[in-house]
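Please consult the sequence and coordinates shown here alongside the text.

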Amino acid sequence: MKIYRAENYEDMSRKAASIISAQVILKPDCVLGLATGSTPVGAYQQLAAWCREGDLDFSQVKTVNLDEYKGLSPENPQSYRFFMNQNLFSHINISMENTHVPDGLEADSQKACQAYNEIISSMGAIDLQLLGIGHDGHIGFNEPGPAFEQETHCVTLTPLTIEANKRFFEKAGDVPRQAYTMGIKTIMHARKILLVVSGQDKAEILKKAIQGPITPEVPASILQLHQDMTLVADEAALSLFTE
Ligand code: F6R
């Protein structure tokens with residue numbers, strides 16, 4: 001595992017954006033696996049700036065996002081499709097038909113998950129999968145549990161995740177209770193993984209995930225087994241790390 005220590009959030013974002021841009025430059029028709037949440041926003045802004053300046057070309061890039069709330073439409077400002085359009089896709093020269101997010105409006109979970117698995121396999125391997133980590137160690141919406149879930153599946157969000165995500169909603173009661181998420185097997189099949197982590201509040205879970213035992217009770221701990229895994233984290237997030 002490569003670990004890049006960043007001074008702060010801005011530095012972490014620039015370093016992460018550099019790694020993603022290297023991927024796009026080396027393979028202009030690459031498949032990027034993308035994440036939502038607060039952590040990648042700075043990296044997305046940096047990528048958008050480089051694209052605006054003509055230094056980065058997304059015209060052949062394809063993307064697959066990790067997850068989507070079940071029941072939210074793409075027009076809902078809290079949906080992950082809306083988030084991606086707002087924070088990245090509308091600022092870069094990507095073809096919208098090359099961008100993919102699970103269909104939150106598909107009420108039949110089995111149908112939604114199967115359709116998303118088919119989209120992912122039709123693309124071949126994900127070249128680079130960007131990840132954030134939840135306070136309980138979730139990646140995507142793969143919550144702690146008795147086993148590592150394999151492919152796209154429907155999850156019931158834990159109270160901790162609902163609590164963490166309510167900041168994007170008017171009240172906790174508005175946070176959808178279920179979501180569709182890419183599974184651990186699909187994430188682990190990505191050629192490269194880039195985990196971005198920022199802030200003191202993530203220090204404890206980051207230490208558990210990277211330096212603790214590999215267990216489905218800390219879903220991100222499986223990343224220790226990935227062949228090409230890069231962690232970019234700021235000083236605060238790495239503060240409990242032992243070298
Ligand atoms: C979002 C996702 C989640 C987040 C995680 C951290 O697509 O997959 O696993 O990466 O909840 O979120 P932030 O970055 O908001 O702390």
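**Nonpolar cores, cysteines and ligand surroundings**

In this predicted model, Leu 206 makes contacts beyond its neighbours within four places in sequence: its partners are Leu 195, Val 197, Gln 211, Leu 231, Ala 233, Ala 237, Leu 238 and Phe 241. Leu 206 is also among the residues with the most contacts inside the largest nonpolar core, together with Leu 195, Leu 223 and Leu 231. That core has 33 residues. At least two of its residues come from each of α4 (109-122), α6 (184-188), β9 (192-197), α7 (203-211) and β10 (229-234). The greatest contribution is that of α7, which supplies 4 residues. Another core, of 30 residues, lies apart from this one and includes Ala 6, Cys 30, Trp 50 and Leu 56. As general background, nonpolar side chains tend to be buried together in soluble globular proteins.

The cysteines may be considered next. How many disulfides does the structure hold? The number is 0. For Cys 51, the closest cysteine sulfur is that of Cys 30, and because the two sulfur atoms are 13 Å apart, they are too far from each other for a bond. Cys 51 counts as buried, since its relative accessibility is 11%. Cys 113 likewise takes part in no disulfide, and the nearest cysteine sulfur, in Cys 154, is 6.1 Å away; a disulfide would require the sulfur atoms to be within 2.5 Å. With a relative accessible area of 8%, Cys 113 is buried.

Which residues are closest to the ligand? They are Thr 39, Asp 67, His 138, Gly 140 and Lys 202, and 15 residues surround the ligand in total. In Ser 38, a backbone N or O atom is 2.8 Å from an oxygen atom of the ligand. In Gly 140, a polar backbone atom lies 2.7 Å from an oxygen atom of the ligand. His 138 contributes through its side chain, where an N or O atom is 2.7 Å from an oxygen atom of the ligand.

Key. Residues are numbered from 1 along each chain as its sequence is written. This is a predicted model: local features need pLDDT of at least 70, side-chain atom pairs count only at pLDDT 80 or more; totals for chains, interfaces and linings use all residues. Side-chain values use heavy atoms; hydrogens and water are left out. A nonpolar core is a set of buried Ala, Val, Leu, Ile, Met, Phe, Trp, Tyr and Cys residues joined through side-chain atoms within 4.5 Å. Buried means under 20% relative accessible area, exposed over 50%, partly exposed in between (1.4 Å probe, protein chains only). Contact means heavy atoms within 4.5 Å. A residue is near a molecule or strand if one of its heavy atoms lies within 4 Å of it. A polar contact is a pair of N or O atoms within 3.5 Å; within protein, one must be able to donate a hydrogen and the other to accept it, and residues adjacent in sequence count only if both atoms are side-chain atoms.
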